[in-house]
Amino acid sequence: MIEKTAKALFLLALIIGAGFFAVIIISFMPGAVFYRPFCMVLAGWVAVLVLWKYFGVAGRRRFWQVVSVSVLLFLATAAAYELRSQYIRSIPTINEDSLVLGQYAPFTDGSKAARLAEPAVLALREQLPRLDGATALYPLYAAFAQAVYPEGEYSPYDSIVSSTTTRQAYDRLIEGEVDIVFAAQPSEEQLAAAAEKGVELKLTPIGKEAFVFFVHADNPVMGLSSSQLRDIYSGRVNNWSEVGGDSREIRAFQRPENSGSQTILISFMGETPIEEPPTEDVAGGMGDIITQTADYRNYPNAIGYSFLFYATEMASNGDIRLLAVDGVNPSRETIRSGEYPLAKSFYAVTAGSDNPNIERLINWILSPQGQDLVYKTGYTPLVEQ
């Protein structure tokens, strides 16, 4: 009996130790949110089977029947999770940070960056302003660079004409690593960071764009009022049937804090608090699970938001449909006329750099040639073209 107890305790210690190390390793891997508790349950059940094996009264045949059924159940559970994960991965995603920007890079063969019909009246050859900005605006300032910078290689990921997303671009501007950022208005946090550094951000409007909401193409809801959108993003309305749709729970996606579109959403919501967004759990350091905002994924019950040009040109997806807001569809015409209620300016933002060509470049952007490129890229210029 003592020998049997010793063996059982040894196996239990082995199972617990193996389970502990497996949980640590799994915590650094995709799918940890499922496999970490799965591993814990598996280790606990194996421990129960060990105790049954050594101290239970059931027969040998019954024991192995239970083991066989348990193996099948655990395998079926893991297989169901993997199949569900594969299905979710197959659903189209819109992520403003992941677009391949090389197709818009200036001076590259087949670049999609817009071009002027005639040479630019401004030609910069030295002390070139370092540019950065929002992913959605990269095609525009890449076109600016293509028009007035000397021909050369300007990688969107590592050059003086780069795109590191709105969040990082503002950080780099505040730290003096770039001269001009092209983006939506800064967030309160970004303004506070600038003030802490003693930096004054100067925002020069250079064009307009529509902040848009979109849903799955099969969603029967064609438009929402501003009030309904606030109700959805505050959590007061959580089923599509409450706003004229099917009886489905609303999955209202958001963007990470300090991204351009999230800053606009916060401004749009005003004093109305925003509900916690859908999240996904990913592996984090030291075995922690970090909860992050999930990228928009086009579930039949989803709603998301971005900017008109990005949603319709850069990340064109036939499976989403833009919503009318307050009865007005987003378009260049309704942005220009002021009918669309969520038309927003976007800016060339500076922070006091002493580069003498910054003001020259911004003045040129506001000129007919610069505004022509705003129009040709797909945005709405400040003055009608």
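Which residues are linked with Asp132 in a network of salt bridges? In this predicted model, the network joins Asp132, Arg172 and Glu177.

The protein chain has 385 residues, of which 49% count as buried. Its secondary structure consists of twelve helices and 13 strands. Among contacts in the protein chain with a separation of 6 or more, 73% are between residues 24 or more positions apart.

Six salt bridges are found in the structure. One of them joins Asp132 to Arg172, with 2.8 Å between the closest N and O atoms. This pair connects distant parts of the chain, since Asp132 belongs to strand β2 and Arg172 to helix α5, 40 residues apart. The two partners can also be described by their accessibility. Asp132 has a relative accessible area of 0% and is therefore buried. Arg172 has a relative accessible area of 21% and is therefore partly exposed, the limit for a buried residue being under 20%. Both residues of this pair belong to the network that also includes Glu177.

A salt bridge is also formed by the side chains of Arg130 and Asp179, at 3.0 Å from N to O. Arg130 is partly exposed, because its relative accessible area is 30%. Asp179 counts as buried, because its relative accessibility is 2%.

The closest N and O atoms of Asp372 and Lys376 are 3.3 Å apart. Lys376, with a relative accessible area of 38%, is partly exposed.

Helix α12 also takes part in helix packing. Two packed helices are described by the angle between their axes and the distance between the axes. Helix α4 (residues 138–148) packs with helix α12 (residues 368–377) at an angle of about 135°, and their axes are 10 Å apart. The two helices α4 and α12 are therefore oblique to each other, as angles over 145 degrees would be needed for roughly antiparallel. Their crossing is right-handed. On the side of α4, the contact is made by Pro139, Leu140, Ala143, Phe144 and Ala147, and on the side of α12 by Gly370, Leu373, Val374 and Thr377. Of the residues in this contact of α4 with α12, seven are nonpolar, two are polar and none is charged.

Where is Asn301 placed in the chain? Asn301 is in the loop between β9 (296–297) and β10 (302–307). The relative accessible area of Asn301 is 18%, so this residue is buried. When residues up to four places away in sequence are not counted, Asn301 touches Trp240, Arg248, Glu249, Ile250 and Arg251.

Notes:
Residues numbered from 1 in each chain as written. Predicted model: local features only at pLDDT ≥ 70, side-chain atom pairs only at ≥ 80, totals over all residues. Heavy atoms only, no water. Axes fitted to C-alpha atoms, helices over the stretch in contact; angles between N-to-C directions. Helix = DSSP H or I, 4+ residues; strand = E, 2+ residues; numbered from the N terminus. Parallel < 35°, antiparallel > 145°, perpendicular 65-115°, else oblique. Left-handed = near helix turned anticlockwise from the far one by under 90°. Contact = heavy atoms within 4.5 Å. Nonpolar A, V, L, I, M, F, W, Y, C, P; charged D, E, K, R; others polar. Salt bridge = Lys/Arg side-chain N within 4 Å of Asp/Glu carboxyl O. Buried < 20%, exposed > 50% of the residue type's maximum accessible area, 1.4 Å probe, protein only.
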